[in-house]
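Dear colleague,

Please find below the structure that I am handing over to you. My notes on what was found in it follow directly after.

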Amino acid sequence: MLPFELAEYHERVKKTKEKMVAAGIDVMVIADPANMNYLSGYDGWSFYVPQCLILMLDREQPIWVGRGQDANGARLTTWLDEENIRAYTDDYVHSAVKHPMDYVADIIKAEGYGDKTIGLEMDAYYFTAKCCKRLEMKLPNAKFKDATLLVNYVRIIKSPREIEYMKKAARLVEKAMQTAIDYINEGVRECDVVANIYHSMISGTEDFGGDYPAIVPLLPSGEKTSTPHLTWSDEKYKRGDTVIIELAGCYKRYHSPLARTLVLEPAPAKVHDLAAVVVEGINAALDFIKPGVTAAEVEAVWRKTIEKSGFKKESRIGYSMGLNYPPDWGEHTVSLRPEDNTVLQPNMTFHMIPGIWLDDCGVEISESFLVTENGCEVFANFPRMLFVK
């Protein structure tokens, strides 16, 4: 069931260990489900309870640690030997007296790392304050370091197979976006549109189906388009509504996000004007991208383009993305914003989403793209425009 060759997993582990050595870390406790997947292949909806990989410098394989009923999931989806699949009993789950990180600490001590430097993903969504405190309590002789993004930065350059999966995800999002545009009409309920979007993105194509995306479809309409992260209701669309549609195709946990904006005429003239500015800005930024430029320089091109029309955008215009689980498809590494001087390299992948939100309306038109040897390639083939019905 492995989605990558064994050699690719070995290379990922090797690069992670190199970063551990550079950071002075002897053992990593990796709780981010995307990083667990990246290094081991593990894929299951089990991240609602504590789970992790333990990666030690002197061991070839990481150790998977999770709930007992999920151990067979590790056997089915990872490349790990049986001795490296360790399951805690169910009395650790939601207990007031013991915690799964106690079990993790016992493994670390048994392997001889109880007094070493341990890297923790302290800002990972599913690594709680209690997880950290229990490890500190159970490993009093260890030194702890924040290694939140260590594996994320290993992931930032994509392999050919990863790019292939993201291109398949783009085919899924094209289909889902067209479904959204086809179904949004006056008198149609928002929830019915989203139901059709889900069917489209999961049923996929004749050749391959889709996975669940890390973020649900975001479809604010009317005045709610003044903010980007609203979902849907059971209200009906009406004449004059603007609808922002932000979706992602997902294939083997790899994403290709895409946003477009649709208006049900008659729409305010400022929506048409705003869309023209957004399209001009994203076109200029995409045309500028090539290896060697910085994330900040890309954002500057966008900012200067829209400033000619009197608009400003304070938030970032994009971020590195790819493999992930809920609640986010972003990698939390590079951002397209003024203070990020990361140099773009071939096979980095980003979601550029330079939306502009005013007090009573907004427009989003985005592209996911791959940095190539000479420029960039957008993943989705979908008209970059304001859709009018």
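Predicted model: local features only at pLDDT ≥ 70, side-chain atom pairs only at ≥ 80, totals over all residues.

I begin with a pair of facing residues: methionine 352 stands opposite glutamate 367, the latter in strand E14.

Strand E11 (residues 349–352) and strand E14 (residues 367–371) run antiparallel and are joined by four bridges. They belong to an open sheet of five strands, ordered E10-E9-E11-E14-E15, in which the pairing is antiparallel. Strand E10 (330–335) and strand E15 (376–378) form the edges; each has a single partner strand, so one side of each has no neighbour in the sheet. On average, neighbouring strands of this sheet are turned by 35° against each other, direction ignored.

Histidine 332 is placed in strand E10, and its phi is near 70°, a positive value in a residue other than glycine. For context, most residues other than glycine have a negative phi, and most peptide bonds are trans.

Three strands, in the order E7-E8-E16, make up an open sheet with mixed pairing. Its edge strands are E7 (242–251) and E16 (386–388), each of which pairs on one side only. The twist from one strand to the next averages 35°. Strand E8 (residues 254–263) runs parallel to E16, and three bridges join the two. Within this pairing, threonine 261 stands opposite leucine 386 of E16. Helix H7 (residues 160–183) packs on the sheet and touches E7, E8 and E16, with its direction at about 145° to that of E7.

As to the overall division, the domain assignment gives domain 1 (6–154) and domain 2 (160–388). Their centres, taken over C-alpha atoms, are separated by 33 Å. At the interface, 17 residues of domain 1 are in contact with 15 residues of domain 2. The two domains bury about 1300 Å² between them, 58% of it on carbon and sulfur atoms.

Which interactions were counted between domain 1 and domain 2? There are five residue pairs in polar contact, with both residues at pLDDT 80 or more, and one salt bridge. The side chains of arginine 12 and glutamate 162 meet in a salt bridge at 3.7 Å, N to O. On the side of domain 1 that touches domain 2, helix H1 (6–23), helix H2 (33–40) and helix H6 (150–154) are the elements that give two or more residues. The largest share of that side, four residues, comes from H2.

Finally, the count of salt bridges comes to 24. One of them joins the side chains of arginine 67 and aspartate 90 at 2.7 Å, N to O. Arginine 67 lies in strand E3 (residues 63–67) and aspartate 90 in the loop between strand E4 (85–88) and helix H4 (100–110), so this pair ties together parts that are 23 residues apart in sequence.

With kind regards

Terms used. Residues numbered from 1 in each chain as written. Heavy atoms only, no water. Pairing = 2+ DSSP bridges. Axes fitted to C-alpha atoms, helices over the stretch in contact; angles between N-to-C directions. Contact = heavy atoms within 4.5 Å. Domains from an automatic or database assignment. Buried area = accessible area lost by both parts, 1.4 Å probe. Salt bridge = Lys/Arg side-chain N within 4 Å of Asp/Glu carboxyl O. Polar contact = N/O pair within 3.5 Å; in protein donor to acceptor, adjacent residues only side chain to side chain.
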